[in-house]
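Visitor: I am new to this one. Please pick a single part and take me through it closely.

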Amino acid sequence: MNKEQIASYIDHTLLNPCAGVNDIMILCQEAVNNKFASVCVNSYFVPLAATALKDSGVKVCTVIGFPLGSGSTKSKVAETKDAVLNGADEVDMVINIGAVKDGRYTVAGSDIAAVVKEARKCGEKLNKKILVKVILETCFLEDSEIVNCCLCAKKAGADFVKTSTGFASPKDKDGTLLPNGASEHHVKLMRDTVGEDMGVKASGGIRTVSMAVAMLEAGADRIGTSSGVKIIQTWDENLEIKNSRNPRL
């Protein structure tokens, strides 16, 4: 797999609350130079990114209900409409994690479905398909909950399921911080659950070539990372993705 091929799997991400205009412009230029799939920015910067990336082939992705997922469905729908009409091509929404932990999957599924419906409606007005990715925040979930979330996202018509925000802070009973990003186990579980009909995005803590390869081999077909340039610069063109559960590799 050459560098251009691996780049096409990367959502070049900058969601740091301290990021400014210059940071976003650099992000967009890096995405163009490396032919990344998209840039992922907070919604305030969607218009700026859309202008900077016009006719480049790089998509604009933003986040909805980020990073907690606990906003109302109406607020997520409003965020989606604003983002798409301002130039977003893809929206990564955080699932209602509290509803999932309660076992209220009908609520979680309705939340996803409302965002998908709004994204589709706004996309039709602009004559383009808007991708919806559902962030599960897997570090907070049991395997059975991950499976049920994936099924909710699939039933709601979402395009992808995604592992993490990268902003969660899970702790054990003693208050020790636990891992909060993507894991091979969770990616494999998600891929096995959604099959070949949906995408799987691995995000959170993916900073090296070896980690990117592991996620692709586990079944991911998008990688959300702020280390995309580093991964491309250190990529070995002779690397092969082996035993992949990713149907697109």
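**Cysteines and a helix pair**

Guide: Cys-40 counts as buried, because its relative accessibility is 1% (buried is under 20% relative accessible area, exposed over 50%, partly exposed in between, with a 1.4 Å probe and protein chains only). This is a predicted model: local features need pLDDT of at least 70, side-chain atom pairs need pLDDT 80 or more, and totals for chains, interfaces and linings use all residues. Residues are numbered from 1 along each chain as its sequence is written, and side-chain values use heavy atoms, without hydrogens or water.

The structure holds 0 disulfides (pairs of cysteine sulfur atoms within 2.5 Å). For Cys-40, the nearest cysteine sulfur belongs to Cys-61, 3.7 Å away. Cys-152 is in no disulfide either; its nearest cysteine sulfur is that of Cys-149, at 6.2 Å. Cys-152 is buried too, at 13% relative accessible area.

Cys-149 and Cys-152 belong to helix H7, where they are among the residues that meet H6. Helices here are DSSP runs of H or I, at least four residues long, numbered from the N terminus. H6 spans residues 105-126 and H7 residues 143-156. Their axes lie 8 Å apart, at about 40 degrees (lines fitted to C-alpha atoms over the stretch in contact, with angles from 0 to 180 degrees between N-to-C directions).

From H6, Tyr-105, Gly-109, Ile-112, Ala-113 and Val-116 make the contact (heavy atoms within 4.5 Å). On H7, their partners include Glu-145, Asn-148 and Ala-156.

Conventions:
Helix = DSSP H or I, 4+ residues; strand = E, 2+ residues; numbered from the N terminus.
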